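Here is a short briefing on one protein chain. Keep the sequence and the structure open while you read.

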Amino acid sequence: MFIFTTWLSQRGARRFILLKGFAVLSFGPEIPFVHELGFVLIKAENGESELRYTPRPEHLNSFGVTHGGASMTLLDVTMAVAARSVDFEQGVVTIEMKSSFMQAAKGPLVGQGKLLHRTGSMAFTEGRIYDAQGRLCVQATGTFKYMQRRPAAEGGLKALPTD
């Protein structure tokens, strides 16, 4: 993986990374849990997002399919990215999420998110996970609160109160 080009949006620089023949976006601020799971951001623009995820053996449940917690995390991040895609300067925190598991999620997965409605401080989203055959496996709706990012004195990001 390596950075091969950069372009500037109205809100600042976005990085693209070449991975297995297609360009992927940077998530922006480092999210160790997302990095550990191996999520790859493909699209984040105009209220839509797409992520790719290939579960590793340690992400499977006792039935040998993707653990529900890993699927919910993929949906949470997918919907959060859709919410942030209209303003990358702001972060979001999850307020509420409802998931429906329709069938086992196996193999490489695609998460697609959509921003349905936005107010000054809230985002209402939906997300879906599809398997490699294009079957809908999990669907979710989520509500997110927009949060202004503020750098900490030592150069890192600090936790912010959500009230």
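**Overview**

Buried residues account for 39% of the 163 residues in the protein. The model is predicted. The protein has 2 helices and 9 strands.

**The whole chain**

- Along the sequence, the elements follow the pattern β-β-β-α-β-β-α-β-β-β-β.
- Take the contacts in the protein with a separation of 6 or more: 52% of them link residues 24 or more positions apart.
- The protein has an accessible surface of about 9300 Å². Carbon and sulfur atoms supply 55% of that surface.

**Threonine 66**

- Where does threonine 66 lie? Its place is the loop between β5 (48–53) and α2 (68–84).
- Is threonine 66 buried or exposed? Its relative accessible area is 6%. Buried means under 20%, so threonine 66 counts as buried.
- Not counting residues up to four places away in sequence, threonine 66 touches Tyr53, Pro55, His59, Leu60, Asn61, Ser71, Ala105, Lys106 and Leu109.
- Alanine 104 is 38 residues from threonine 66 in sequence. In space, the two are 7.3 Å apart, C-alpha to C-alpha.

- Strand β7 covers residues 109–118, and strand β8 covers residues 122–130. The two run antiparallel and are joined by 8 bridges.
- How many residues lie between β7 and β8 in their hairpin? There are 3.
- Within this pairing, arginine 118 stands opposite alanine 123 in β8.
- β8 also pairs with strand β9, residues 136–148. This pairing is antiparallel too, over 9 bridges.
- Glycine 127 stands opposite alanine 140 in β9.
- The hairpin of β8 and β9 has 5 residues between the strands. In this hairpin, glycine 134 takes a positive phi near 80°.

**Points to locate in the structure**

- For the strands, follow β7 into β8 through their hairpin, then β8 into β9 through theirs.

Note on methods
Residues are numbered from 1 along each chain as its sequence is written. This is a predicted model: local features need pLDDT of at least 70, side-chain atom pairs count only at pLDDT 80 or more; totals for chains, interfaces and linings use all residues. Side-chain values use heavy atoms; hydrogens and water are left out. Helices (H or I, at least four residues) and strands (E, at least two) are DSSP runs, numbered from the N terminus. Buried means under 20% relative accessible area, exposed over 50%, partly exposed in between (1.4 Å probe, protein chains only). Contact means heavy atoms within 4.5 Å. Accessible areas come from the Shrake-Rupley method with a 1.4 Å probe; for residues, only the protein chains shown count as cover. Two strands pair if DSSP finds at least two bridges between them.
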